[in-house]
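Visitor: I am new to this structure. Please show me how to read a few of its features.

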Amino acid sequence: MGIRKRHVNEFPTPYTCTAAIREGGMETKLSMVLMGFGNIMHKQKIKGLIYLAVEVAYVVFMVLNGIRFLSMLGTLGTVEQKEVWDEVNQIYTYTKGDQSVLILLYGVATILVTILMIWAWRGALKSAYKAECLDRGGRHVNSFVEDVKALLHENLHRLLMTPPMVFIFALTILPLIFMICMAFTNYSKIDNHLMLFEWVGLDNFRALFDSNSILGSTFWSVLAWTIVWAFFATFSNYIFGMILSIVINRKETRAKGFWRFCFVLSCAVPMFVSLLIMRTMLQPEGAVNVLLRNLGLIAQDASLPFFTDPMWARVTVIVINIWVGVPYTLLQLTGVLQNIPGELYEAAKVDGANAVQIFFKITLPYMLYVTTPYLITTFTGNVNNFNIIYLLSGGDPVTDLSSTAGSTDLLVTWLYKLTIDKQYYNIGAVIGILTFIILAIAALLTYRNSKSYKEEGGF
């Protein structure tokens with residue numbers, strides 16, 4: 001078992017919030033209420049005024065809108081939009097009602113702004129305490145100009161990391177939390193909850209896990225196919241790509257560059273173009289079926305059910321995924337093979353090892369050790385492989401008209417249909433959460449079973 005090491009701060013600093021509250025002067029403690037007050041009192045007026053301006057802006061925002069957003073977050077609105085007949089103009093008009101989507105979005109945004117404000121408050125308190133300690137100790141206290149110059153030198157990481165963090169909060173964390181919250185509401189066109197909806201707790205999760213309901217049975221069917229698809233799409237590409245790379249990389253193989261060029265040529269064509277062409281060719285009246293009829297291999301009025309039979313459709317998308325994905329795997333594994341030391345093979349041959357033993361004792365372990373991260377990313381990518389399924393089969397065929405998913409739909413394509421086509425936003429949010437959990441568990445299990453994890457001291 002690996003030994004967990006305690007994280008030790010190699011550069012401890014006395015300027016902490018706890019130290020500021022316990023040991024700081026009155027001006028530092030007042031900085032907990034008036035941000036920047038301690039800086040102003042200790043030769044950092046501009047810096048203190050900036051902190052104070054941030055606090056004033058936050059207070060004004062909370063007074064004008066923030067408190068209202070948070071207060072409405074509990075109910076997500078109560079005023080319904082009503083239809084009123086205008087007798088004068090002989091038309092229907094609509095009264096303004098609450099929009100739960102905006103209430104939820106603004107409420108989540110307000111919470112995140114508050115979190116950022118707490119982070120800024122901690123920074124202001126530590127800055128005030130540092131200025132106090134330096135000033136009372138007779139040491140130099142940086143001016144605003146010196147602080148700005150420090151951002152280009154010792155504090156360059158703060159200057160470079162702050163904008164990305166702001167964008168991550170605004171464009172990643174905020175939509176993510178908004179989507180997670182949506183999973184606990186009844187936001188869908190069912191019972192007309194598109195404008196005004198409310199919290200329903202875990203009802204959506206219960207409905208999705210109920211195998212006796214149409215929605216639940218569809219979920220378990222799609223989940224099973226998603227796992228099967230991800231497994232075969234990942235390891236079939238890996239195995240065939242490995243075979244091709246080994247055959248081409250042999251010393252006996254001539255014109256290695258030509259053979260690699262032939263297999264990699266498909267990468268030059270955009271994938272969506274290849275998929276749409278294959279979809280057209282495999283239709284009942286497509287080129288493949290017409291050719292088979294002309295050759296007499298099938299009857300003139302028959303066609304192979306590439307996308308009309310569930311089993312045929314699933315096998316078809318897996319085979320075409322192999323054709324599309326093997327060239328990329330070939331490139332990955334060719335580089336790995338070329339970096340295996342030749343002395344290992346020579347020593348194995350001297351010891352009397354045959355080709356099979358060399359492969360399983362040298363080649364395969366080395367390739368798996370190097371390509372484990374690639375396998376993890378490929379597996380997670382195949383779970384969310386929207387392009388292959390949507391552009392090739394569109395999730396078809398649909399065998400149950402009461403179901404919202406087809407036989408080849410993955411969780412991600414089903415999610416797309418539920419949200420874009422059906423407007424079941426709450427169920428789509430639940431599926432999004434479950435997809436993330438499945439990916440996290442799969443990646444963790446794959447990594448924990450890998451050789452590299454064990455060598456790093458994992459347990």
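Guide: Start with one term. A residue is partly exposed when its relative accessible area lies between the buried range, under 20%, and the exposed range, over 50%. This is a predicted model.

Visitor: Is C133 buried, exposed or partly exposed?

Guide: C133 has a relative accessible area of 22%, so C133 is partly exposed.

Visitor: How many disulfides are there?

Guide: A disulfide needs two cysteine sulfur atoms within 2.5 Å. The count here is 0 disulfides. Take C133: the nearest cysteine sulfur belongs to C17 and is 13 Å away.

Visitor: Now the surface. Which residues form a nonpolar patch?

Guide: The patch consists of V228, F231, F232, F235, I239, F240, I243 and V247. Together they have about 700 Å² of accessible area. One of them, V247, sits in helix 9, which spans residues 214–249. V247 has 40% relative accessibility, so V247 is partly exposed.

Visitor: Which residues of helix 12 are buried?

Guide: Helix 12 covers residues 287–294, and its buried residues are N289, L292 and R293. They lie on the same side of helix 12, because their arc around the axis is only 100°.

Visitor: What covers the buried residues of helix 12?

Guide: The cover includes helix 11, residues 271–281. I277 lies in helix 11. I277 has 44% relative accessibility, so I277 is partly exposed.

Visitor: What should I know about backbone angles?

Guide: Most residues other than glycine have a negative phi, and most peptide bonds are trans.

Visitor: Where does D191 lie, and what is its phi?

Guide: D191 is in the loop between helix 7 (156–182) and helix 8 (203–209). Its phi is near 60°, a positive value in a residue other than glycine. D191 is exposed, because its relative accessible area is 65%.

Visitor: And what is the phi of N192?

Guide: Phi of N192 is near 55°, also positive in a residue other than glycine. N192 lies in the loop between helix 7 and helix 8. N192 has 62% relative accessibility, so N192 is exposed.

Visitor: Which residues does a cis peptide bond join?

Guide: D396 and P397, with omega about 5°. P397 is in the loop between helix 16 (386–392) and helix 17 (411–421).

Conventions: Residues are numbered from 1 along each chain as its sequence is written. This is a predicted model: local features need pLDDT of at least 70, side-chain atom pairs count only at pLDDT 80 or more; totals for chains, interfaces and linings use all residues. Side-chain values use heavy atoms; hydrogens and water are left out. Patches are made of residues with over 30% relative accessible area and no salt bridge: like charges are joined within 9 Å, nonpolar side chains (Val, Leu, Ile, Met, Phe, Trp, Tyr) within 5 Å. Accessible areas come from the Shrake-Rupley method with a 1.4 Å probe; for residues, only the protein chains shown count as cover. A salt bridge is a side-chain nitrogen of Lys or Arg within 4 Å of a carboxyl oxygen of Asp or Glu. Helices (H or I, at least four residues) and strands (E, at least two) are DSSP runs, numbered from the N terminus. Buried means under 20% relative accessible area, exposed over 50%, partly exposed in between (1.4 Å probe, protein chains only). The arc is that of the directions from the helix axis to the C-beta atoms. Contact means heavy atoms within 4.5 Å.
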